[in-house]
Amino acid sequence: MAVELLTRHPERLARVVAHEPVLVSLLPDAAEQHTFFSQVVSTFHRAGVDAAMAEMGAGCGEERGEKPDLSGLSPRMLATLSRVRGNSAFFLGRILGQFSAHAPDLAQLDASAGKLVPAAGWASYRLRLYRPAAWLAERYGVALAEFPGGHVGVVTHPREFALERGELLR
């Protein structure tokens, strides 16, 4: 969403850190990517949230490194995760298909590319949601900013993630 805001209203933003944006439409195998996400949505409608989330997890790939220990999450973060889980049906049924099919206007994005910081999680290296960020970094000739953790590093490594984001925004 931040990348789209940058394309439409660049004057409102100083910098956008795009952490693993789901811009699979930019990839050379975009049709395959769209098929994957469409299948996840179909699985949701046919078999429910758990089946769709399992399919999405398997299809997005195994993150490298040790699995994060989530046992020490704060009560506030646990409540947030519970709310996110409660919103999964809405996400899968109404958002994922459209979200994953979106293609930004590259001419407009090119004009504001100096404000864009493509970023990905270390643990996501070469996985499905890492690839669009890597594509953007290559297109604009900039280094891909690397965050701790994977796609949800903000949850698994909140302190380190926040410090890295702060540095990039400065």
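Modeller: Axes here are lines fitted to C-alpha atoms, for helices over the stretch in contact, and angles run from 0 to 180 degrees between N-to-C directions. The model is predicted.

Biologist: How are helix 2 and helix 5 oriented to each other, roughly parallel or roughly antiparallel?

Modeller: The axes of helix 2 and helix 5 come within 9 Å and cross at roughly 165°. Angles over 145 degrees count as roughly antiparallel. Therefore helix 2 relative to helix 5 is roughly antiparallel.

Biologist: What is the make-up by class of the contact of helix 2 with helix 5?

Modeller: Helix 2 contributes His 34, Phe 37, Val 40, Val 41, Phe 44 and His 45, and helix 5 contributes Ala 89, Leu 92, Gly 93, Leu 96, Gly 97, Ser 100 and Ala 101. Gly counts as polar in this classification. The contact of helix 2 with helix 5 has 8 nonpolar, 5 polar and no charged residues.

Biologist: Is the crossing of helix 2 and helix 5 left-handed or right-handed, and which hand has the crossing of helix 2 and helix 3?

Modeller: Helix 2 passes helix 5 in a left-handed crossing. For helix 2 and helix 3, the crossing is right-handed.

Biologist: How are helix 2 and helix 3 oriented, roughly parallel or roughly antiparallel?

Modeller: Helix 2 covers residues 30–47 and helix 3 covers residues 49–60; their axes come within 7 Å and cross at roughly 160°. This angle makes the orientation of helix 2 to helix 3 roughly antiparallel.

Biologist: How many charged residues are in the contact of helix 2 with helix 3?

Modeller: On the helix 2 side are Phe 36, Phe 37, Gln 39, Val 40, Thr 43, Phe 44 and Ala 47, and they meet Val 49, Ala 51, Ala 52, Glu 55, Met 56, Gly 59 and Cys 60 in helix 3. By class, this contact has 10 nonpolar and 3 polar residues, and the charged residues number 1.

Biologist: At what angle do helix 3 and helix 5 pack, and which residues of helix 5 make the contact?

Modeller: The axes of helix 3 and helix 5 are 9 Å apart, and the packing angle is about 65°. Helix 3 passes helix 5 in a left-handed crossing. By class, the contact has 8 nonpolar, 1 polar and no charged residues. Helix 3 brings Val 49, Ala 52, Met 53 and Met 56, and helix 5 brings Ser 88, Ala 89, Phe 91, Leu 92 and Leu 96.

Biologist: Leaving aside neighbours within four places in sequence, which residues is Met 56 in contact with?

Modeller: Contact here means heavy atoms within 4.5 Å. With sequence neighbours within four places set aside, the contacts of Met 56 are Phe 36, Phe 37, Val 40, Phe 91, Leu 92 and Leu 96.

Biologist: Is Glu 20 buried or exposed?

Modeller: Glu 20 is in the loop between strand 1 (16–19) and helix 2. Its phi is near 45°, a positive value in a residue other than glycine. Most residues other than glycine have a negative phi. With a relative accessible area of 2%, Glu 20 is buried.

Biologist: Arg 126 also has a positive phi; is Arg 126 buried or exposed?

Modeller: Arg 126 is found in the loop between strand 2 (116–121) and helix 7 (131–140). Phi of Arg 126 is about 70°, although the residue is not a glycine. The relative accessible area of Arg 126 is 61%, so Arg 126 is exposed.

Biologist: What is the relative accessible area of Arg 64?

Modeller: Arg 64 lies in the loop between helix 3 and helix 4 (75–86). Leaving aside neighbours within four places in sequence, Arg 64 is in contact with Trp 122, Ala 123, Tyr 125 and Glu 146. Arg 64 is partly exposed, and its relative accessible area is 33%.

Notes: Residues are numbered from 1 along each chain as its sequence is written. This is a predicted model: local features need pLDDT of at least 70, side-chain atom pairs count only at pLDDT 80 or more; totals for chains, interfaces and linings use all residues. Side-chain values use heavy atoms; hydrogens and water are left out. Helices (H or I, at least four residues) and strands (E, at least two) are DSSP runs, numbered from the N terminus. Angles under 35 degrees count as roughly parallel, over 145 as roughly antiparallel, 65 to 115 as roughly perpendicular and the rest as oblique. A crossing is left-handed if the near helix is turned anticlockwise from the far one by less than a right angle, and right-handed if clockwise. Buried means under 20% relative accessible area, exposed over 50%, partly exposed in between (1.4 Å probe, protein chains only).
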